Amino acid sequence: MMQHNPQFWISLGFAMLGGLFCASALLFRLFRFIKYREVGELLLCVGVMALIWHVLIYCMIYTGEIQYYPRIYNKGIPFYYLVGPCFYFYVWLKFTTNATLPKFWILHLLPFFFGLVDIIPYALAPVAEQKQLLKMLVEDIPLGFKHHYGFVDQQLHYMLRFALAIAYAIGQWRMYYISDAASKAVKREVLIFNCVYSTYLLLQCSMVLAIIFNSSQEAYILKSLDKLVWVSFCFLLFSLWFVVDGIKKK
């Protein structure tokens with residue numbers, strides 16, 4: 001059992017500690033948005049809340065607790081699509097003197113609505129049926145990539161979500177390299193953010209791609225505690241950046 005392995009508790013500790021750091025920093029950043037109307041802070045908070053939810057759900061799956069809360073499973077799918085555009089426009093606003101979002105920015109929300117529609121079949125399923133699915137999911141984690149509660153294959157969500165996230169991350173790095181007007185302090189802040197987030201994103205993507213293109217080993221990959229420790233550690237690093245960067249803004 002994974003619960004008997006010290007690496008399991010290390011990865012879980014990293015994930016939960018990172019979640020606590022992010023949650024505490026969220027309060028301060030939301031206060032700044034309310035007080036100063038800094039749109040970038042709101043976008044960053046939305047993206048981080050989606051990441052926290054993602055980490056929380058996976059912690060509940062690995063510990064088996066998710067089977068007792070069937071109503072919350074898969075509800076994060078539409079919000080995961082917001083991480084890429086929210087972080088991208090956060091960086092965009094850092095390099096833009098006029099603190100307003102560009103025209104037609106709402107088009108970037110289309111994947112969110114795509115995810116919103118796709119959670120309907122599971123949401124409408126009877127609670128007993130949801131519990132049965134989650135009981136099987138806890139015993140067979142790769143089932144999260146295979147179940148048919150959705151209008152599209154679940155693997156497509158993972159591929160599309162991470163493909164979009166990588167595309168937005170590339171856009172963030174492009175802005176960093178082509179921007180000449182920003183101060184050194186802003187560029188340094190964006191550099192640290194891009195580095196920590198990109199590392200976390202690439203680790204997640206590597207696991208998803210390994211699972212999709214190596215189905216015979218998907219159970220081993222998802223239960224690999226070495227990989228889980230590294231992903232959790234990178235999330236902890238991101239949460240530390242989120243806290244420290246927020247404190248500097250006081």
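What follows is a short chat about a cavity and a helix pair in this predicted model.

Trainee: Which helix gives the most to the lining of the second largest cavity?

Mentor: Of its 22 lining residues, the closest to the centre include Tyr-58, Tyr-73 and Gly-144. H2 (39-63), H3 (77-80) and H8 (154-178) each supply at least two lining residues. With 5 residues, the top contributor is H2.

Trainee: How many charged residues are in that lining?

Mentor: Sort the lining of the second largest cavity by class. You get 13 nonpolar and 7 polar residues, and the charged ones number 2.

Trainee: What span from first to last C-alpha does H2 reach?

Mentor: H2 has 25 residues, and at 1.5 Å a residue you'd expect 36 Å. Just past its end, Gly-64 takes a positive phi of about 90 degrees. The model's own value for H2 is close to the expected one: 36 Å.

Trainee: Are H4 and H8 roughly parallel or roughly antiparallel?

Mentor: Look at the contact first: Phe-87, Tyr-88 and Trp-92 are among the H4 residues that meet H8, where the partners include Tyr-168 and Met-175. The axes of H4 (83-94) and H8 lie 9 Å apart, at an angle of about 10 degrees. Angles under 35 degrees count as roughly parallel, so H4 and H8 are roughly parallel.

Key. Residues numbered from 1 in each chain as written. Predicted model: local features only at pLDDT ≥ 70, side-chain atom pairs only at ≥ 80, totals over all residues. Heavy atoms only, no water. 1 Å grid on protein atoms, 1.4 Å probe; cavity = no way out; pocket = protein on both sides within 12 Å on 5 of 7 lines; lining within 4 Å. Helix = DSSP H or I, 4+ residues; strand = E, 2+ residues; numbered from the N terminus. Nonpolar A, V, L, I, M, F, W, Y, C, P; charged D, E, K, R; others polar. Expected span 1.5 Å × (residues − 1). Axes fitted to C-alpha atoms, helices over the stretch in contact; angles between N-to-C directions. Parallel < 35°, antiparallel > 145°, perpendicular 65-115°, else oblique. Contact = heavy atoms within 4.5 Å.
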